[in-house]
Amino acid sequence: METSRKRIRRDFAPLTVSVAIACDSAYSPLMQVYDAQTGEYEPNRQLSPTVIRPEVNAVASDGSWPNHSANSALANLKWYVNGVNIATLSAWTGKYTIETEGDNRGSIIITKNITPGTNFSLHFEADLVDQRLGVTIPIRTDAVVLSTIDKA
């Protein structure tokens with residue numbers, strides 16, 4: 001008995017991807033104020049961490065991409081401080097965590113207070129995995145700046 005095989009190929013529309021970055025912590029923005037008289041930070045990130053979330057959205061014109069929010073499909077999550085991978089910086093060890101689940105995947109939670117007059121430029125890089133086509137799309141956000149000023 002002979003059987004024949006027919007391969008059916010499905011073509012998918014390419015993804016249109018948009019990337020943005022947002023500060024999700026209403027009471028702990030990107031800028032801090034340091035009061036030299038009291039030695040306190042406002043806000044104190046150890047008590048109220050700063051949360052920065054990459055917003056990765058993807059859509060396919062044929063409707064084959066299941067979610068508009070694509071954070072859950074990200075792989076190889078990396079945050080960079082002044083162009084250097086944060087995981088390699090000993091000064092940042094234990095001062096941040098990176099969310100690895102769900103729609104907030106890739107968010108960084110920062111508990112490090114910044115010395116006044118110091119600025120840190122942060123950006124996010126990852127790969128968006130498109131399993132429909134078997135490809136990965138590189139993702140990179142614009143940079144945001146963490147800073148602290150002295151209270152006058």
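Select Asp130 and Arg132: both residues are buried, where buried means under 20% relative accessible area, exposed over 50% and partly exposed in between (1.4 Å probe, protein chains only). Asp130 and Arg132 form a salt bridge, with the closest N and O atoms 2.8 Å apart. A salt bridge here is a side-chain nitrogen of Lys or Arg within 4 Å of a carboxyl oxygen of Asp or Glu.

This is a predicted model, in which local features need pLDDT of at least 70 and side-chain atom pairs count only at pLDDT 80 or more, while totals for chains, interfaces and linings use all residues. Residues are numbered from 1 along each chain as its sequence is written, and side-chain values use heavy atoms, with hydrogens and water left out.

Five salt bridges are present in the structure. Next, select Asp24 and Arg53, whose salt bridge has its closest N and O atoms 2.5 Å apart. Asp24 is in the loop between strand S1 (15–23) and strand S2 (31–35), and Arg53 is in strand S4 (residues 50–60), so the pair links distant parts of the chain, 29 residues apart; strands (E, at least two residues) are DSSP runs, numbered from the N terminus. Asp24 is partly exposed at 38% relative accessibility, whereas Arg53 is buried at 18%.

Finally, go to Asp35 and Lys151, whose side chains meet in a salt bridge at 3.7 Å, N to O. Because Asp35 lies in strand S2 and Lys151 in the segment after strand S11 (144–150), this pair ties together parts 116 residues apart in sequence. Asp35 is buried, with a relative accessible area of 17%, and Lys151 is exposed, with 53%.

Conventions
Helices (H or I, at least four residues) and strands (E, at least two) are DSSP runs, numbered from the N terminus.
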